[in-house]
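Biologist: I have a new structure on my screen. Could you show me how to read it?
Modeller: Gladly. Let us open it.

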Amino acid sequence: MDGAELTGKKVLITGASGFTGRHAVAYFKSAGTAVAAVVRRAGIHSFGDGVAVHVCDLNDKQQVRLLIEEVKPDYVLHLAGKNSVPDSWSNPLLVLETNVMAVLYLLDALRSCPAARTVIVGSRLKYTPEPGRPPQPPHPYSLSKALEEMVSLSWMSLFGQQIMLAEPGNLIGAGPSTGICSLLARHIVACEQEGKTEAFRLSGRDNTRDFLDVRDAVRAYATLLVQGTTGNVYPVVSGTERSLGEIADTLLTMTEAEVPVRWDGASSGPDGAGDQEEFSALRKLGWQPLIPFTQSLQDILSDVRTQQGRATT
């Protein structure tokens, strides 16, 4: 997809001030769309000229309805939500309300825009029930994402809305990420600037995960908005498993500082996010990752150095 299909269209992006949201706003803005960036609080992030910022509590049904009436979007990219497993244990009701009810409020409001195409960004950590067994989700976050998917697909079936679901793997890149690559990059910069000596703790070197640059993920979401099949669930992954050892070794070659790393725990198998059969669904739509893994790590480290430099001046 070359992005021409998006030119002049109205795209509403929830969670616009978050890690993926900031990249999504930049991408759709560059594609010539009229971007409506939805944030929970004003002044969190500046998106520059040409982006309409809307402050909206997605847990407030009336606010959401007024938002959709004002914007009347052609496309909706729903990125907002609670994404922390630990937080889901400490406040499970808030996580369920934010990840389930907010989606329902959004989709119900979008019934007034029947032509709007919506991508709900879920998680590969969702709970998948086993037939014949009582539900045993590993944590409330997993349950919330499973319910989010179920109600989204149900709303599509009940009301004929155009809804696709995306399930990203581990997204990496510059910005306010709490992923392992960004955390290690921050530790490296602390060693460079502050001479930190405590070790950064990681699990087994051979533990593997699928990592995808967030900018490639945003392109995938754009592809789904335009070309995705309603009712489908699309894994958004690179298709390549990488070990934590490879990540650490690559990042450590990008610094001259002494960076102590401590390996804890046993190694485990892949997380399954690189399943090639699932990965092919997006490839059939013409999408593929473009940003090399090493470039992603370099961009993360450069961004952290820039941000840390600003913080110390």
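Biologist: In which sense do strand β4 and strand β5 pair, and over how many bridges?
Modeller: Remember first that this is a predicted model. Strand β4 covers residues 75-78 and strand β5 covers residues 117-121. They pair in the parallel sense, over four bridges. L77 has V119 in β5 as its bridge partner.

Biologist: Which strand does β1 join through four bridges?
Modeller: β1, residues 10-14, is joined to β4, and the two run parallel. Look at V76 in β4: L12 stands opposite.

Biologist: What is the strand order of the whole sheet?
Modeller: Read across it: β3-β2-β1-β4-β5-β6-β10. That is an open sheet of seven strands, paired in parallel. The edges are β3 (51-55) and β10 (233-236). Each has a single partner strand, so one side of each lacks a neighbour in the sheet. On average, neighbouring strands are turned by 20° against each other, ignoring direction.

Biologist: Which helix packs on the sheet and touches β4?
Modeller: Helix α7, residues 214-227. α7 also touches β5, β6 (162-168) and β10. Its direction makes about 145° with that of β5.

Biologist: How many residues does the largest nonpolar core have?
Modeller: It has 39. I13, F28, L77 and Y221 have the most contacts inside this core. Helix α7 gives the most to it, with eight residues.

Biologist: What is F28 in contact with, leaving aside its neighbours within four places in sequence?
Modeller: Its contacts include L6, V11, I13, L77, V218 and L225. Another core, of 26 residues, lies apart from the largest one. Among its members are V38, L104, M156 and L165.

Biologist: How far apart are the end C-alpha atoms of helix α6?
Modeller: They are 20 Å apart. α6 has 15 residues, 180-194, and at 1.5 Å a residue it should span 21 Å, so the two agree. Its buried residues include L184, H187 and I188.

Biologist: Which residue follows α6?
Modeller: G195, with a positive phi near 65°.

Definitions and conventions:
Residues numbered from 1 in each chain as written. Predicted model: local features only at pLDDT ≥ 70, side-chain atom pairs only at ≥ 80, totals over all residues. Heavy atoms only, no water. Pairing = 2+ DSSP bridges. Axes fitted to C-alpha atoms, helices over the stretch in contact; angles between N-to-C directions. Contact = heavy atoms within 4.5 Å. Core = buried A, V, L, I, M, F, W, Y, C linked by side-chain atoms within 4.5 Å. Buried < 20%, exposed > 50% of the residue type's maximum accessible area, 1.4 Å probe, protein only. Expected span 1.5 Å × (residues − 1).
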